[in-house]
Amino acid sequence: MAFNNRVKIKNVLQQDLIGQEITLMGWVRTKRSNKNVSFIALNDGSILTNYQVVADPEVIAEETLKRCSTGACLKIQGTVVASQGSGQQSELHARSIEVLGDADPEKYPLQPKKHSLEFLREIAHLRMRTNTFGAVFRVRHTLAYAVHTYFHTKGFFYIHTPIITASDAEGAGETFKVTTLDLNRPPKKEDGSIDYSQDFFERETNLTVSGQLEGELAAMALSEIYTFGPTFRAENSNTTRHLAEFWMIEPEMAFYDAEDNQTLAEDFLKYIISYALEHCAEDLAFLDQRAAEEEQTKPAEQRAELGLLDKLHFVVNNDFVRLTYTEAIDILRNSNHNKKKKFSYLIESWGTDLQSEHERYLVEKHFKKPVILTDYPKDIKAFYMRQNEDGKTVAAMDILFPGIGEIIGGSQREERLDKITQRMKEMHVPEKELWWYLDTRRFGATPHAGFGLGFERMVQFVTGMGNIRDVIAFPRTPGNAEF
Ligand code: 4AD
Ligand code: MG
């Protein structure tokens, strides 16, 4: 007989199994006992709600009941019975309980009480057993599923781009090196520099910062593709929005211009948020409540105007604002915030990069809507963005979300060989190494565009979690690679 003939708690709650004999397996959240009866709240992760198991000390040995403490893993056989008490429709009357794994109450770190997110980060191996993290990871799964559903339905193909590469697509120099050389005694060239020709790949390599460049090659054959994979950035940013290892979704489309790109991005974001609203109603209601409680701990003037669910509906139901960088600079420069010197970085002239405080001002204070900012100065954007007629700006777009700031970065790509090579020279991007990328501009080039969505920032937005470390199972940040 197979071991796993259990019913998931989600199914017990959603089907009428009253009168049936079933097996449940899961972890004890709480146990309440008196002389006559024990109530065990069991959770198996399939759903937020715990399921009530009723154990009669005349049926279940006292020795066993004692071991059913918070955190223990149980296999319970019994009958589903209509529930007397309020709340749940049914409960399980245990006929037998097998303790699959004990959890010593003296040592188990999770107590049936509220723990701080900071504390839970230190026990990331156990935090998924809490209501909050269970909800976050079910929502994260659903969003990932929605991403694939969206693109599949539209006829995009999922391309797996390499994790190890020799290029730095964003040109920001924030890469993690990949090597098998002995770091204590690396082979050297005559001039004293490291001889990478003796390394595993016979050249210098790093972890990818983006799958875009390879994605573009695929779009030049399959028309519409997307990637969804891990990306790595060695930027030393200890913020609530940055990870050293994060997941990015990068669609890339032939025959798309900047406007087509913006329209796709807006439709895509609305689709995956709606999908989560439809399929994660219980978890999102719980997270809405959690976020509301957290807001209450903030000073009144810092509290969000909309609750989590209201905010998600608002984004789905309203058009995003589209405006150019130049228009945004005018708004920011003339804002009272700027005049009263409330920004840490004051906006003085056209051409400066926007900080997250400026992005959030536009979205949260000025427009109170998601914003698609376009046509940035070419000097603050990557070499591959299409140059506009004005000679100063490129066909970039950033999408800015309330509470998050930049959630998407993208652009129409420069498909003209002479323009892109000229820009690479100006920006010191090695043309020789990217010969394969430039070949797409030599053979059958066409207008094309794409963007990258930071998946964790999206999960943050949908779950209302304030810190990006709380929406990825095992976060990688400066000084932190435990688990
Ligand atoms: O704006 P970025 O750097 O754009 C690119 O990498 C392009 N190659 C994308 C493309 O056009 N195909 O990054 C895209 C998004 C950002 O908007 C942000 O949401 C997220 O990736 N992101 C990060 N998320 C978490 N931690 C970090 N360190 C991130 N850096 C970027
Ligand atoms: Mg960006």
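Reply:
**Where the domains meet**

Between domain 1 and domain 2, six residue pairs are in polar contact, both partners at pLDDT 80 or more; that means N or O atoms within 3.5 Å, one able to donate a hydrogen and the other to accept it, with sequence neighbours counted only if both atoms are side-chain atoms. This is a predicted model, where local features need pLDDT of at least 70 and side-chain atom pairs pLDDT 80 or more, while totals for chains, interfaces and linings use all residues. Residues count from 1 along each chain, chains are lettered from A and ligands numbered from 1 as written, and side-chain values use heavy atoms, without hydrogens or water.

As for salt bridges (a Lys or Arg side-chain nitrogen within 4 Å of an Asp or Glu carboxyl oxygen), there are zero between domain 1 and domain 2. On the domain 1 side, the residues touching domain 2 split into five nonpolar, four polar and one charged, with Gly counted among the polar ones.

The automatic or database assignment puts domain 1 at 9-112 and domain 2 at 129-174 + 209-470. Their C-alpha centres sit 44 Å apart. Ten residues of domain 1 and seven of domain 2 make the contact, meaning heavy atoms within 4.5 Å.

Together, domain 1 and domain 2 bury about 800 Å², with 46% of that from carbon and sulfur atoms; buried area is the accessible area (1.4 Å probe) lost on being put together, summed over both parts. Within domain 1, the residues giving up the most area to domain 2 are Arg29, Leu48 and Leu110, which together make up 62% of what that side buries.

How values were computed
Buried area = accessible area lost by both parts, 1.4 Å probe.
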